[in-house]
Structure formats: structure tokens, C-alpha cells
Amino acid sequence: MADREPVQFKLTRPVFFIGFMGAGKSSVARRLARKSGLASVDMDTYIERREGKRISEIFQESGEEGFRRIETEVLRELAESDEPMLISCGGGIVTREENRDIISQYGFAIHLRVDADEAASRISDKSTRPLFNDIDSARARLAERMPAYESVADVTVDTAHRGIYDISMEVKSLLEREGLLCQRQK
Ligand code: S3P
């Protein structure tokens with residue numbers, strides 16, 4: 001008997017992965033996309049291609065405010081795309097009210113929760129994260145942002161001591177349960 005082709009899915013609405021740097025947003029979105037035939041986009045990678053610069057260069061040249069302006073434009077563009085995608089957002093996306101409104105208006109938000117110490121151990125090259133300095137300021141930044149993550153999130157997934165496979169399986173079942181994933185017709 002011929003091997004059955006894996007089931008391909010599509011999304012009914014965009015799904016936004018939010019959470020602190022090192023939460024696993026990009027890896028989980030990428031894995032889920034590969035396994036389910038969904039489109040995914042990583043906002044930081046998208047911004048780097050669009051601007052032709054590394055995120056760290058954008059921060060150096062235009063400051064955090066300049067970066068946040070670009071981030072909001074890109075968020076809106078992706079949220080309004082005809083094909084709903086898995087969108088992994090930068091960790092600071094929730095700091096702007098406009099972004100929080102876009103996410104709530106257009107899609108479904110999954111907060112991948114991590115603590116600052118585990119996040120630090122997951123980020124091998126911190127020079128790519130201009131806002132992840134020392135562990136104390138990372139802890140303070142995360143504590144300051146936590147209420148915003150929780151207020152935007154439709155659901156929170158705890159990632160403590162878990163691998164990408166495990167987390168992405170949980171995310172897949174919750175998307176099915178919420179009616180966000182449906183099978184693609186051939
Ligand atoms: C940021 C997180 C980064 C990136 C930028 C700012 C933040 O994305 O957008 O360095 O403010 O937390 P990741 O969460 O993907 O690391």
C-alpha cells in the first residue's frame with residue numbers, strides 16, 4: 001500500500017506567537033508549519049530582509065523607537081495578509097498598544113511563557129538581541145512585560161524544561177480544539 005500523504009492544514013485566522021526572547025516562538029512556529037503544511041513567518045527575519053539590515057544595526061541606527069515603528073508596519077502587513085499564517089513576533093511586540101490591538105483584532109495569540117533564566121540559557125548569541133543585556137535587567141524587563149503578554153494572550157503555554165517537539169504538539173492540539181486549524185481541500 002502506498003504511504004499516505006501527511007494531512008495538510010490551513011488556518012482560519014492568523015496565529016501570533018508572543019512571549020519573551022528565548023521562549024521558542026520561532027522554533028515552534030517553524031516546526032508546526034513544516035509538519036502541518038502551514039505558512040509561517042518570523043517577524044525579525046522578515047524585518048531584516050525588508051530593511052536589508054540586522055536587527056542590531058536597526059537598533060544602533062534608529063534606536064528602539066525606530067525599530068518599533070517598522071515592527072508595527074510589518075505586524076499590520078502580516079495580519080492583513082490574504083493567507084493567514086503562523087507569525088512569530090519579536091518579544092517586545094506587546095509593548096505598544098497599537099500592536100496589542102492589531103493582534104486582538106485579527107488573530108489568535110499564543111503566549112509561550114518562559115522565565116528569564118531559562119531564556120538566557122536558550123539564547124546562544126546575545127549580541128543578536130540588543131535588549132537582552134544582563135540577567136537582572138532581563139528579569140526586570142520580563143516582569144514588566146508579563147501583564148501585557150497575559151492580557152493579549154488567548155492562551156498561555158508553559159515552556160519550562162520542555163523541548164520544541166513537545167510544545168508544538170500541544171500548540172497543534174489547542175489550535176484544533178479552538179477551531180483554528182482545518183484540513184486543506186486538495
Ligand atoms: C526584542 C526581541 C527580539 C527582537 C528585538 C527586540 C524585545 O525578538 O524583536 O531584539 O524587545 O524583546 P525575539 O523575541 O524573537 O528574540
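## A walk through the model, from Ser-88

Start by selecting Ser-88, which is buried at a relative accessible area of 2%. (Buried means under 20% relative accessible area, exposed means over 50%, and partly exposed is what lies in between, using a 1.4 Å probe and protein chains only.) Before you click on: this is a predicted model, where local features need pLDDT of at least 70, side-chain atom pairs count only at pLDDT 80 or more, and totals for chains, interfaces and linings use all residues. Residues are numbered from 1 along each chain as its sequence is written, and side-chain values use heavy atoms, with hydrogens and water left out.

**Stop 1: around Ser-88**

Ser-88 sits in strand S4, residues 86-88. (Helices, H or I with at least four residues, and strands, E with at least two, are DSSP runs numbered from the N terminus.) What does the side chain of Ser-88 make a polar contact with? Show the side chain of Asp-42: the pair is at 3.1 Å. (A polar contact is a pair of N or O atoms within 3.5 Å; within protein, one must be able to donate a hydrogen and the other to accept it, and residues adjacent in sequence count only if both atoms are side-chain atoms.) Now widen the selection. Leaving out residues up to four places away in sequence, Ser-88 touches Phe-17, Lys-25, Ser-26, Ala-29, Val-41, Asp-42 and Met-43. (Contact means heavy atoms within 4.5 Å.)

**Stop 2: the core**

Next, pick Phe-17, Ile-18, Leu-86, Ile-110, Val-171 and Leu-175: of the 59 residues in the largest nonpolar core, these touch the most other members. (Such a core is a set of buried Ala, Val, Leu, Ile, Met, Phe, Trp, Tyr and Cys residues joined through side-chain atoms within 4.5 Å.) Which helix gives the most to this core? That's H3, residues 55-79, with nine residues. Zoom in on Ile-110: setting aside neighbours within four places in sequence, its contacts are Val-15, Phe-16, Phe-17, Ile-18, Val-155, Val-157, Val-171, Leu-174 and Leu-175.

Then hop to Leu-38, in the loop between helix H1 (25-36) and strand S3 (40-42). Leu-38 is buried, at 9% relative accessible area. Beyond four places in sequence, Leu-38 touches Phe-9, Lys-10, Leu-11, Ala-33, Leu-86 and Leu-181.

**Stop 3: H3 and its partners**

Two packed helices are described by the angle between their axes and the distance between the axes. Colour H3 and H4 (97-106): their axes come within 10 Å and cross at roughly 5°, so H3 is roughly parallel to H4. (Axes are lines fitted to C-alpha atoms, for helices over the stretch in contact, with angles from 0 to 180 degrees between N-to-C directions; under 35 degrees counts as roughly parallel, over 145 as roughly antiparallel, 65 to 115 as roughly perpendicular and the rest as oblique.) Glu-71, Thr-72, Leu-75, Arg-76 and Ala-79 of H3 meet Glu-98, Asn-99, Ile-102, Ile-103 and Tyr-106 of H4. By class, this contact has five nonpolar, two polar and three charged residues. (Nonpolar covers Ala, Val, Leu, Ile, Met, Phe, Trp, Tyr, Cys and Pro; charged covers Asp, Glu, Lys and Arg; the others, Gly among them, are polar.)

**Stop 4**

Arg-96 lies in the loop between S4 and H4. Is Arg-96 buried or exposed? At 19% relative accessibility, Arg-96 counts as buried. Display its side chain with that of Glu-65, and you'll find a polar contact of 3.0 Å. Its contacts beyond four places in sequence are Glu-65, Arg-68, Arg-69 and Thr-72.

Pro-130, in the loop between H5 (116-122) and H6 (135-152), is partly exposed at 28%. Look for Ile-55, Ser-56 and Phe-59, which Pro-130 contacts from beyond four places in sequence.

Over in helix H7 is Ser-168, buried at 2%. Beyond four places in sequence, Ser-168 is in contact with Val-28, Arg-31 and Leu-32.

Finish at His-161, in the loop between S6 (155-158) and H7 (164-177). His-161 is exposed, at 74% relative accessible area. Check its backbone: phi is near 55°, a positive value in a residue other than glycine. Most residues other than glycine have a negative phi.
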